[in-house]
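This report covers helix packing, nonpolar cores, backbone angles and a few selected residue pairs. The sequence and structure are shown below.

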Amino acid sequence: MLDARDRGPMQDIDVDVAVVGGGFAGLLVADRLSTLGYRVTVLERSPRLLAGSSSRNEGWLHAGTYHATSIADEAEALAVARRCLFGWREYRARYPHAIEPERHPAVAIVPDSRAADVERRWQLAGVSFAPLSRASLADMDDGVALTSEERAYSVADVGIETRMLAASIVRKLRTRGVELIVDAAAHRSGEHELEVRTQGAARRVRFRFLVLATGYGTEQASREFGLGVVPVRLWRSHLATVPRVAEMSVFGIQPGHAAMMNHGEWSIVGLNEDAEVVAEPGVDAEPVATRALLEAIRFRFPSANLDRAFVRSCVKVDYASSSTDPRSLNVRVLPVGPAAAVVLPGKMTEAPVVADAAAQVVFAALGSGDITARPHDHLVEERLHA
């Protein structure tokens, strides 16, 4: 609770929706809701936006290629791949300036033993791919190691400049009158009210609907805002930033293999399926995982300069009612009462999908005073307020 002697006059802000969390999920939820005409405020605890996992990933705009094959359950794999394709199309259409330029298309490397099933899944998911001969791969870059039991494919995955993407979304939000409040310490002070302190100033934000899009801070935030317990797990993986290792982005689909996206003079490389459950978020690298990642880079890119490698961890969140639940970083929108919802963002490429789903939940609750209600809308409203 703020000390009345410290906060001075309280500034009141009345909005339709308060979005807590300034990562890609929160920004795109605000984008959808402001498009619908709602008055929206975004609250971010850190001094700048994109302070969490949104700024600590590979900058990989997935075209469904990897997830269609890396998830064992085929139905789930195809669903994730299609959500990624939806986001891939939106980002490319609305923010083409943020797409990283490349001389050559990205390359996916697949073991021969899985090639037939991988191609089948790609076709089912609508993934774009074309077989790439060894000679063609060597012409593109002869420094990419391909074993005798692997084959290569040209695919549509691309790198994306996440800062440019976020800056474009933020500019759009501000032109619509969305206020983005950073360095914001907020707590629930009433059923439809938050007290927010930022840079010594105190504000009262009154809202009709509350959306939490707080990433790996979801469990703590849901408690702090009086929304009960949303059971989540934190998964840590590792990324290495190294001087550019190949002419094009390259990723293997096998567990333990390197997956790389280029960004100008640098490559960001992850290790497939290295995620482990952790109790707290953090960026410090674990030594054993670091060694495995660097070995995978040397295997795929033998001439890579690893003297300047910088390894850090990236933490993501999934919904889990039990510690024995299988790992699933799927997107979720969890209504937690008639006027609040929790968003679990999944991957950056899926953020447009989760934003659409969140907008559906909010619109079902708030509707629109400009649009005539349908007969069954009254029944929904009666149920929500019963």
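In which loop is Glu-273 found? Glu-273 is placed in the loop between strand 17 (266-271) and strand 18 (276-278). The model is a predicted one.

Most residues other than glycine have a negative phi. Glu-273 has a phi near 60°, a positive value in a residue other than glycine. Leu-50 also has a positive phi, near 60°, and is not a glycine. Leu-50 belongs to the loop between strand 3 (40-43) and strand 4 (60-61). The accessibility of each residue is as follows: Leu-50 is buried, with a relative accessible area of 10%, whereas Glu-273 is partly exposed, with a relative accessible area of 41%.

**Helix packing**

| Helix pair | Axis separation | Crossing angle |
|---|---|---|
| Helix 2 (24-35) and helix 10 (351-366) | within 8 Å | roughly 50° |
| Helix 4 (74-94) and helix 10 | 7 Å | about 100° |
| Helix 2 and helix 7 (162-175) | within 10 Å | roughly 30° |

The axes of helix 2 and helix 10 cross at roughly 50°, which makes helix 2 oblique to helix 10. The crossing of helix 2 past helix 10 is right-handed. On the helix 2 side the contact is made by Phe-24, Ala-25, Leu-28, Val-29, Arg-32 and Leu-33. On the helix 10 side the residues are Ala-351, Pro-352, Val-354, Ala-355, Asp-356, Ala-358, Ala-359 and Val-362. By class, this contact of helix 2 with helix 10 has twelve nonpolar residues, no polar residues and two charged residues.

Helix 10 also packs against helix 4, with an angle of about 100° between them. Angles of 65 to 115 degrees count as roughly perpendicular, and helix 4 and helix 10 are therefore roughly perpendicular to each other. Helix 4 contributes Arg-83, Phe-86, Gly-87, Glu-90 and Tyr-91 to the contact, and helix 10 contributes Ala-351, Pro-352, Val-353 and Asp-356. The residues of the contact between helix 4 and helix 10 divide into five nonpolar, one polar and three charged.

Helix 2 has a further contact, with helix 7. The axes of helix 2 and helix 7 cross at roughly 30°. Angles under 35 degrees count as roughly parallel, and helix 2 and helix 7 are therefore roughly parallel to each other. Helix 2 passes helix 7 in a left-handed crossing. Phe-24, Leu-27, Leu-28, Ala-30, Asp-31 and Ser-34 of helix 2 meet Thr-162, Leu-165, Ala-166, Ile-169, Val-170, Lys-172 and Leu-173 of helix 7. This contact of helix 2 with helix 7 has nine nonpolar, two polar and two charged residues.

**Nonpolar cores**

The largest nonpolar core has 65 residues, of which Val-17, Leu-33, Tyr-91 and Leu-165 touch the most other members. Not counting residues up to four places away in sequence, Val-17 touches Leu-33, Arg-39, Val-40, Thr-41, Phe-209, Val-211, Val-362 and Leu-366. Another core, of 27 residues, lies apart from the largest one, and includes Val-20, Ala-184, Phe-225 and Val-317.

**Residue pairs across the chain**

Ile-181 lies in strand 9 (residues 179-181) and is buried, with a relative accessible area of 5%. Ile-181 and Thr-41 are 140 residues apart along the chain, and their C-alpha atoms are separated by 7.5 Å. Leaving aside neighbours within four places in sequence, Ile-181 is in contact with Ile-13, Thr-41, Val-42, Leu-43, Glu-44, Thr-198 and Arg-203. Thr-41 is also among the residues touched by Val-17.

Thr-175 is in helix 7 and counts as exposed, at 56% relative accessibility. From C-alpha to C-alpha, Thr-175 and Leu-61 are 26 Å apart in space, and they are 114 residues apart in sequence.

Ala-373 is in the loop between helix 10 and helix 11 (375-384) and counts as partly exposed, at 40% relative accessibility. Ala-373 and Ala-246 are 127 residues apart in sequence and 56 Å apart in space, C-alpha to C-alpha.

Terms used
Residues numbered from 1 in each chain as written. Predicted model: local features only at pLDDT ≥ 70, side-chain atom pairs only at ≥ 80, totals over all residues. Heavy atoms only, no water. Axes fitted to C-alpha atoms, helices over the stretch in contact; angles between N-to-C directions. Helix = DSSP H or I, 4+ residues; strand = E, 2+ residues; numbered from the N terminus. Parallel < 35°, antiparallel > 145°, perpendicular 65-115°, else oblique. Left-handed = near helix turned anticlockwise from the far one by under 90°. Contact = heavy atoms within 4.5 Å. Nonpolar A, V, L, I, M, F, W, Y, C, P; charged D, E, K, R; others polar. Core = buried A, V, L, I, M, F, W, Y, C linked by side-chain atoms within 4.5 Å. Buried < 20%, exposed > 50% of the residue type's maximum accessible area, 1.4 Å probe, protein only.
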